[in-house]
Amino acid sequence: MDETLLAEARQAQEQLIDAERDADVARAEFHRAVRRLHLHGASLRELASGLGLSHQRVHQIVESAGGSRRWLRRDRPRPDPGLLHCTFCGKHQKQVTKLIAGPSVYICDGCVDLAKVVVSDGEPVTTAIAELTAGPEQEPRTQCSFCGKRRDQVASLIVSSVQTERKAPAAICNECLGLCTEIITEELAEDSP
């Protein structure tokens, strides 16, 4: 096997994974923005006209982003739809130092630290809404919610008991944890005098 061609194929695969992740993030943000417009009073027809889409497509987008109604839950206070929440612990963006977005998933600086503890110790940790555990090697198809890499493509994967919109467990790999750590460190350095 030609090692140069294999290296090129691997590099192209990494670029494809990055591009797919970026497209998923952009699509999710667009769908949430359309839903927020609808929840703030814009009709589906107005949205369709303003965005140059069919009425049916706008309806599909709103439904895929959570629907046209704000559902009330009696067991807990209704979250502010304008705030983003950490998928791993449930805290909203004003309760954390940094919230990092992936495609339909978010992780806060506190959960990044907790996930690093799971990587180093191998012991599960618990947040207010989930348990974070090391992704077992016997389940190679489990994917990182941020980059899409499977368990068999990374050194370690942290899996949450919370499911994402795609009905898969929220998960983050060691590579994305490292990237999140870099982002948090850089932003904290920029904020300090």
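**Labels and the values behind them**

Tutor: Gladly, and let us start with Leu51, which is partly exposed, with a relative accessible area of 38%. Keep in mind that this is a predicted model.

Student: Why is Leu51 called partly exposed?

Tutor: Buried means under 20% and exposed means over 50%. Leu51 has a relative accessible area of 38%, so it falls in between and is called partly exposed. As for its place, Leu51 is in helix α2, residues 44-51.

Student: Which residues make the patch of negative charge?

Tutor: Glu182, Glu186, Glu190 and Asp191 gather there on the surface. Asp and Glu count as negative, so the name of the patch follows from its members. One of them, Glu186, lies in helix α5, which covers residues 174-191.

Student: Let me step back for a moment. How is the chain built up overall?

Tutor: The chain has five helices and six strands. Starting at the N terminus, the order is α-α-α-β-β-α-β-β-β-β-α. Along the principal axes, the C-alpha atoms fill a box of roughly 55 × 45 × 45 Å. Of the 193 residues, 34% count as buried.

Student: How many disulfides are there?

Tutor: The structure holds zero disulfides. Take Cys86: its nearest cysteine sulfur belongs to Cys89 and is 3.7 Å away. A disulfide needs two cysteine sulfur atoms within 2.5 Å, so Cys86 is in no disulfide. For Cys108, the nearest cysteine sulfur is again that of Cys89, at 3.7 Å, and therefore Cys108 is in no disulfide either.

Student: Are Cys86 and Cys108 buried or exposed, and what makes them so?

Tutor: Cys86 has a relative accessible area of 2%, and Cys108 has 3%. Both values are under 20%, so both residues are called buried.

Student: Now the salt bridges. How many does the structure hold?

Tutor: There are nine salt bridges.

Student: What makes the contact of Arg27 and Asp24 a salt bridge?

Tutor: Their side chains meet at 3.0 Å, N to O. The cut-off is 4 Å between a side-chain nitrogen of Lys or Arg and a carboxyl oxygen of Asp or Glu, so this pair qualifies. Arg27 and Asp24 both lie in helix α1, residues 3-39, three residues apart, about one turn of the helix. Arg27 has 43% relative accessibility, between the cut-offs of 20% and 50%, so it counts as partly exposed.

Student: How do you know that Arg32 and Glu29 form a salt bridge?

Tutor: The N to O distance is 2.5 Å, which is within 4 Å, so the pair qualifies. Arg32 and Glu29 are also three residues apart in helix α1, about one turn of the helix.

Student: What about Glu187 and Lys98?

Tutor: Their closest N and O atoms are 3.1 Å apart, so they form a salt bridge under the 4 Å cut-off. Glu187 lies in helix α5, while Lys98 lies in the loop between α3 (55-64) and β1 (99-102), so the pair ties together parts that are 89 residues apart in sequence.

Key:
Residues are numbered from 1 along each chain as its sequence is written. This is a predicted model: local features need pLDDT of at least 70, side-chain atom pairs count only at pLDDT 80 or more; totals for chains, interfaces and linings use all residues. Side-chain values use heavy atoms; hydrogens and water are left out. Patches are made of residues with over 30% relative accessible area and no salt bridge: like charges are joined within 9 Å, nonpolar side chains (Val, Leu, Ile, Met, Phe, Trp, Tyr) within 5 Å. Accessible areas come from the Shrake-Rupley method with a 1.4 Å probe; for residues, only the protein chains shown count as cover. The place of a charge is taken as NZ of Lys, CZ of Arg, CG of Asp or CD of Glu. Helices (H or I, at least four residues) and strands (E, at least two) are DSSP runs, numbered from the N terminus. Buried means under 20% relative accessible area, exposed over 50%, partly exposed in between (1.4 Å probe, protein chains only).
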